[in-house]
Amino acid sequence: IFRDQYLKKLYEADQEGSSQLLETLREYLFQNGNMLQTSKKLFIHRNTLQYRMERINSITNKDINNFNIKRDFLNAFMILDMFPFS
């Protein structure tokens with residue numbers, strides 16, 4: 001339930017198109033919110049990353065800049081690693 005609360009809408013958005021929102025968010029969190037490093041790791045332009053982050057905020061309705069929200073997303077990704085969407 002926790003995983004779905006944080007990641008299900010992003011997963012569904014990725015299934016509808018090729019937006020790669022889950023991958024983007026995961027890398028953003030791994031890079032500790034550093035936009036430049038994240039865009040380099042994902043091989044995308046910084047503006048593309050900014051657009052994706054805005055979509056993530058809009059879809060999840062969560063403030064990704066909040067420390068507690070970042071922690072919860074990281075926990076949701078750890079759960080996702082153990083129990084992937086099927």
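This report looks at a group of aromatic rings and at one helix-helix contact in a predicted model.

Residues are numbered from 1 along each chain as its sequence is written, and side-chain values use heavy atoms, leaving out hydrogens and water. Because the model is predicted, local features need pLDDT of at least 70 and side-chain atom pairs count only at pLDDT 80 or more, while totals for chains, interfaces and linings use all residues.

**The aromatic cluster**

Let's start with the rings. The structure holds 3 aromatic pairs; rings of Phe, Tyr and Trp (its six-membered ring) pair if their centres lie within 6.5 Å, and planes under 30 degrees apart count as stacked, over 60 as edge-to-face and the rest as tilted. Two of these pairs involve tyrosine 6, as listed here.

| Pair | Type | Centre to centre | Angle between planes |
|---|---|---|---|
| Phe2 and Tyr6 | tilted | 4.9 Å | 40 degrees |
| Tyr6 and Phe73 | edge-to-face | 5.2 Å | 80 degrees |

Phe2, Tyr6 and Phe73 form one aromatic cluster. Phenylalanine 2 and tyrosine 6 are 4 residues apart in helix α1 (residues 2-16), so about one helical turn separates them. Helices (H or I, at least four residues) and strands (E, at least two) are DSSP runs, numbered from the N terminus. Phenylalanine 73 lies in helix α5 (residues 67-82), so its pair with tyrosine 6 of helix α1 ties together parts that are 67 residues apart in sequence.

How accessible are these rings? Buried means under 20% relative accessible area, exposed over 50%, and partly exposed in between (1.4 Å probe, protein chains only). Phenylalanine 73 is buried at 0% and tyrosine 6 is buried at 7%, whereas phenylalanine 2 is partly exposed at 31%.

Lysine 62 lies over its face, at 4.6 Å from the ring centre; a charge sits over a ring if NZ of Lys or CZ of Arg is within 6 Å of the ring centre and within 35 degrees of the ring normal. Aspartate 72, found in helix α5, is buried at 13% relative accessibility. Not counting residues up to four places away in sequence, aspartate 72 touches Phe2 and Tyr6, where contact means heavy atoms within 4.5 Å.

**Helices α3 and α4**

Now to the helix pair. Helix α3 (residues 35-42) and helix α4 (residues 46-60) pack at an angle of about 105 degrees, with their axes 9 Å apart. The contact is made by Met35, Leu36, Thr38, Ser39 and Leu42 of α3, together with Arg46, Leu49, Gln50 and Met53 of α4.

How values were computed: Axes fitted to C-alpha atoms, helices over the stretch in contact; angles between N-to-C directions.
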